[in-house]
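Hello,

Here is the structure you are taking over, with notes on what turned up in it below. Please read them with the sequence and the model open.

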Amino acid sequence: MDAIVLAGGIPQPEDPLYAYSNGEPKALIDVAGRPMIQWVLDALGNSKHVRNVIVSGLSPKSEITCKKPMYFVSNQGRMLSNIVAGVNKSLELDKNNKYVLVVSADIPTLKPEMVDWLVETSMQTKDDLYYGICTREVMEKRFPDSKRTYTKLKDVELCGADINVTHVRMTTEHLDMWEQLIGNRKSPLRQASVIGLGTLIRVFTRNIGLEELVTTVSERIGIKGRAIIWSHAEACMDVDKPHQLELLRKDLAKQQRKTTAKAAMKKKTKVRSTEKPLSGAKKVAAFAAARTKTNSKAKPKKK
């Protein structure tokens with residue numbers, strides 16, 4: 001499956017993240033010593049289910065890398081247009097492609113095993129759109145200081161994921177509806193208003209559950225949709241505000257320290273395992289030498 005990474009957003013002076021980007025794309029903001037998007041590319045590059053990676057909004061001059069073949073498409077100005085451009089590139093690479101991953105460049109804690117889980121879980125059925133969600137409990141257990149905005153339904157409080165699976169035909173059908181939904185992606189209530197006042201009221205009064213909401217939205221738009229409930233918060237932990245950026249910087253720096261320490265310990269263990277064991281005579285000699293050295297360091301008794 002090809003992955004389309006949306007990286008065209010550039011914070012404007014009124015955006016709280018402008019001070020961190022200085023007019024450059026948000027995807028290139030430094031996170032623990034690397035561009036934010038590079039963490040996402042590493043997760044996709046190490047995924048066993050990702051074939052090609054298509055980056056929308058950046059160019060090869062950005063010096064980002066990926067283990068999988070990587071292609072660039074220019075920024076089309078709007079998110080939906082960037083998705084369409086990415087899908088067109090995917091079909092250009094292989095006209096038989098049916099599904100693509102649509103991934104935001106601002107979820108740097110994403111891991112390859114999470115990408116694989118999403119693809120494997122989604123492909124158990126043949127729906128048109130697989131939209132990921134994360135419950136408040138899962139998010140706040142992993143990132144207690146994230147201060148995310150949640151949609152409160154009858155049976156759950158949730159926030160949306162920033163990596164989803166869609167059929168390629170979704171970019172050619174219902175474009176006006178998709179434009180409104182994507183444009184209001186940060187306001188769940190506005191999204192609900194797009195698919196009907198009755199649904200909006202039921203969401204607002206917490207009189208509708210997740211399963212019924214998915215069915216209602218799917219019928220209104222005219223697609224087969226499925227909610228993917230994540231047990232990992234990383235797919236839904238994006239960077240929209242400075243405090244979230246700082247939170248993920250610290251989180252990934254901590255992960256790097258653990259990885260470095262683990263690698264050092266593994267290397268030390270490997271060196272020890274390659275040392276040849278001492279023979280019986282050599283063991284006695286080593287013991288005697290060590291004992292002599294210890295005795296020589298002992299302080300003389302006072303007379």
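Contact, as used here, means heavy atoms within 4.5 Å. By that criterion, and not counting residues up to four places away in sequence, L44 touches A3, V5, V50, V53, K68, V103 and V115. Please keep in mind that this is a predicted model.

The nonpolar core

L44 belongs to the largest nonpolar core, which has 52 residues. Together with I37, L101, M139 and I163, L44 is one of the members that touch the most other members. The element that gives the most to this core is helix 2 (residues 36–45), with seven residues. Another core, of eight residues, lies apart from it and includes L153, V156, L158 and I208.

Strand 6 covers residues 99–104, and six of its six residues are buried.

One of the pairs here is D2 with V100 in strand 6.

Most residues other than glycine have a negative phi. Two residues are worth a look on that account.

- E63 is not a glycine, yet has a positive phi of about 65 degrees. E63 is found in the loop between strand 4 (53–56) and strand 5 (70–73). With 69% relative accessibility, E63 counts as exposed because the cut-off is over 50%.
- K147, also a residue other than glycine, has a positive phi near 55 degrees. K147 sits in the loop between helix 5 (136–142) and strand 8 (151–152). Its relative accessible area is 64%, so K147 is exposed.

A buried serine

Is S218 buried or exposed? S218 has 10% relative accessibility and therefore counts as buried. S218 is placed in helix 9 (residues 210–221). Leaving aside neighbours within four places in sequence, S218 is in contact with I223, K224 and G225.

Regards

Key: Residues are numbered from 1 along each chain as its sequence is written. This is a predicted model: local features need pLDDT of at least 70, side-chain atom pairs count only at pLDDT 80 or more; totals for chains, interfaces and linings use all residues. Side-chain values use heavy atoms; hydrogens and water are left out. Helices (H or I, at least four residues) and strands (E, at least two) are DSSP runs, numbered from the N terminus. Buried means under 20% relative accessible area, exposed over 50%, partly exposed in between (1.4 Å probe, protein chains only). Two strands pair if DSSP finds at least two bridges between them. A nonpolar core is a set of buried Ala, Val, Leu, Ile, Met, Phe, Trp, Tyr and Cys residues joined through side-chain atoms within 4.5 Å.
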